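I opened my notebook to look up how this chain is put together. I start with the whole and then go down to single residues.

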Amino acid sequence: MNTADHIVECLIDEGTERVFGYPGIGNQTFLDSIYKYPEMEFVLTRHEQVAALMADAYARITKFPAVCTATNGGGATNLGNGIDQAYQETS
């Protein structure tokens, strides 16, 4: 069992059912771990910013936690706007 498996188990323990994101080399181990657990679903998005916005909308509608993921570098930078919007609307 690797660190990514532990992270997925912690997310499941917190009630997370879906992870929104875009695959890349920086998050491949995490995505491989998601597919090991049938109770966790990965939702492929067209862009990283969309992943953050979808996770925010899903969490607001369902009242369940949602997660977004992206690869390192520019992919992680693209999450910024969606994460900021989710943060601004909760404060």
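**Entry 1: the whole chain**

I looked up burial and found that buried residues make up 36% of the 91 residues in the chain. Buried means under 20% relative accessible area, exposed means over 50%, and partly exposed lies in between (1.4 Å probe, protein chains only). I note that this is a predicted model: local features need pLDDT of at least 70, side-chain atom pairs count only at pLDDT 80 or more, and totals for chains, interfaces and linings use all residues. Residues are numbered from 1 along each chain as its sequence is written, and side-chain values use heavy atoms, with hydrogens and water left out.

I listed the elements next. The chain has five helices and three strands. Read from the N terminus, their order is α-β-α-β-α-β-α-α. Helices (H or I, at least four residues) and strands (E, at least two) are DSSP runs, numbered from the N terminus.

The C-alpha trace spans about 35 × 30 × 20 Å along its principal axes.

**Entry 2: helix H1**

Which residues of H1 are buried? In this helix, residues 3-13, I found Ala4, Asp5, Val8 and Leu11 buried. They lie on the same side of H1, because they cover an arc of only 120° around the axis. The arc is that of the directions from the helix axis to the C-beta atoms. An α-helix has 3.6 residues a turn, so residues three or four places apart point the same way.

I then looked at the face turned away from the buried side. It carries the exposed residues Thr3 and Asp13. The buried residues of H1 pack against helix H2 (28-34) and strand E3 (67-69).

I looked at both ends of H1. At its start, a side-chain oxygen of asparagine 2 comes to within 3.2 Å of the backbone nitrogen of alanine 4. Just after H1, glycine 15 has a positive phi of about 95°.

**Entry 3: the cores**

A nonpolar core is a set of buried Ala, Val, Leu, Ile, Met, Phe, Trp, Tyr and Cys residues joined through side-chain atoms within 4.5 Å. The largest one has 10 residues in all, among them Val8, Leu11, Phe30 and Val67. H1 and H2 each supply at least two residues of this core. H2 gives the most, with three residues.

I followed isoleucine 34. Leaving aside neighbours within four places in sequence, isoleucine 34 is in contact (heavy atoms within 4.5 Å) with Val8, Val19, Met40, Glu41 and Phe42.

I also noted a second, separate core of five residues, including Phe20, Val43, Ala51 and Tyr58.

Key. A polar contact is a pair of N or O atoms within 3.5 Å; within protein, one must be able to donate a hydrogen and the other to accept it, and residues adjacent in sequence count only if both atoms are side-chain atoms.
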